[in-house]
Amino acid sequence: MTTERVEEKVRETLNAVALDRVRAPGDLVERVVRRRGRRRFSQAAGAAVAVAAISVGAVFGFGNGGADGPDRPVRPAASPATPPEGWEPWRSSSPGVGERGCLVDASALYCSGSEYDAAKVDANTGKRLWTVPVNREGDGIDHPFAVRDGVVYAYRNHTAQNAPDGDYAGGTDLMAVDAGTGDVLWKVEMPQDDRTAQAAMLIDGAVLANTPSVRTMSALDPLTGKEKWRHTWDKGTVCQRAVLGGVPYLACLPDVEKPDATEVLRLDPATGSATKIATLPGGQQVMGTTGNRLVLIAARGEGAGAGAGAGAGAGAGAGGKDLRLTTLSGSGERVTRPYRAAGATATSEVIGDRLISVSWQGKASVYSLTTGKTLWTRPVGVELPGQDTMQSLPSPVVSAGQGVVYFFSPTGDLSGLDLRTGEQVWRDHVDTGEARPGFGAPQLLLYGDVLVARNGSTIVSLLPRAGG
């Protein structure tokens, strides 16, 4: 799908679709697709999967399972939080380092900001260790997405000539950076400005990247960037991507309003040879992975699927809340269960065996992907931004040792709920200031038992004291 077609569909979506009495602000359409903002939109939404994400995300939610009663007294979590050796609480507000977002790996944060396409920060102290200056402009919503074998993988603007009207023509490079020194090892040009999790990911022995065309995934040598193999799909088809145990999978569907089916392919990580493992009904969207299974979701019945190229209203109206959730193994074994969404979702994340979501009504739900049951639904314990602002809540994080799921609001509220019962075991507030428009959304990260909350250029590292 071309950038122009994406813009047209997003205009249709934001101007015409009102789901659950939600409508975009009057000037959001042109702010999304304005000239320089076009690149930021492409980074945020990708090319073809963008509109489907709007349609499914707008109505997805799980609720009505477990008690909704008033907050219960705070009580200790499963085990006390323990900081990593050498860690002390810290706060950093260095402009230019982290506005675009961060990634935690070992004892380091790898971030991107308005001045640096990549920066390494000591997770114990907040001290900056090295930086890679931005190429041209440092705006956007991308950040380093993976670290392996001493190499950091991130994005930067591709060097390009100015457009005839004087504006920057845009473009994206995938780059590899030495994690020890900050030296750029290699760069590969991407065909568009998609910098989402779909654009590049690690597989066994390679980096799987959406290059050199919008309908191609290539396996790149992780040390040199040289292409090992490529897989290209047909025109008029869009393919989502996921990785199970180092093996890449594609969920491919027709780029139409109401796709009949989604084909799931397994690619050999060494050769790229494709094997179809399943055909699922309707327009499936990849939610994440759990163990050795993909997690996919689709609407039921007539509205199944606003597909990856569909206007967001299709399949997301009255019937769009009737959903199917499917877990699919690498060998094609599947379990599909019907759902009725409780309302629009502010955030949703697959973590281990749990699908954790928060509704705009302020309810957190934890659903077991093994049993097919909602384990509990409770007040999330943080202030949510207004739904009409089109913001989303930062993804939750889970401390398995503590047995706590943590939530963070852009207002600075923090909340910890017992993963087994949903009872609130901890709350706090941090002042992270206001995020800069056009940059990455606020984040909550986990470094051992330590929480790292980022909003704009401010990063706060703290140890939650359950029961305190």
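**Entry: serine 399**

I began with the side chain of serine 399, which makes a polar contact with the side chain of aspartate 449 at 3.2 Å; a polar contact here is a pair of N or O atoms within 3.5 Å, where, within protein, one must be able to donate a hydrogen and the other to accept it, and residues adjacent in sequence count only if both atoms are side-chain atoms. I noted that this is a predicted model, in which local features need pLDDT of at least 70 and side-chain atom pairs count only at pLDDT 80 or more, while totals for chains, interfaces and linings use all residues. Residues are numbered from 1 along each chain as its sequence is written, and side-chain values use heavy atoms, with hydrogens and water left out.

I looked up where serine 399 sits and found it in strand E26, residues 397-399; helices (H or I, at least four residues) and strands (E, at least two) are DSSP runs numbered from the N terminus. Serine 399 has a relative accessible area of 2% and is therefore buried, a word that means under 20% relative accessible area, found with a 1.4 Å probe and protein chains only. Leaving aside residues up to four places away in sequence, I listed Val404, Tyr406, Leu446 and Asp449 as the residues that serine 399 touches, where contact means heavy atoms within 4.5 Å.

**Entry: an open sheet**

I then followed four strands that form an open sheet in the order E1-E32-E31-E30, with antiparallel pairing; two strands pair if DSSP finds at least two bridges between them. Strand E1 (90-92) and strand E30 (443-447) stand at the edges with a single partner strand each, so one side of each has no neighbour in the sheet. Between E1 and strand E32 (residues 458-462) I found three bridges in the antiparallel sense, and I saw that tryptophan 90 stands opposite serine 461 in E32.

**Entry: disulfides**

How many disulfides does the rule give? I counted two, taking a disulfide as a pair of cysteine sulfur atoms within 2.5 Å. One of them joins cysteine 102 to cysteine 111, with 2.1 Å from S to S, and the torsion about its S-S bond is about 110°, so this disulfide is right-handed. Cysteine 239 and cysteine 252 form a disulfide with their sulfur atoms 2.0 Å apart; this pair, 13 residues apart, links strand E14 (residues 237-244), which holds cysteine 239, to strand E15 (residues 247-254), which holds cysteine 252. Both cysteine 239 and cysteine 252 are buried.

Notes: Buried means under 20% relative accessible area, exposed over 50%, partly exposed in between (1.4 Å probe, protein chains only).
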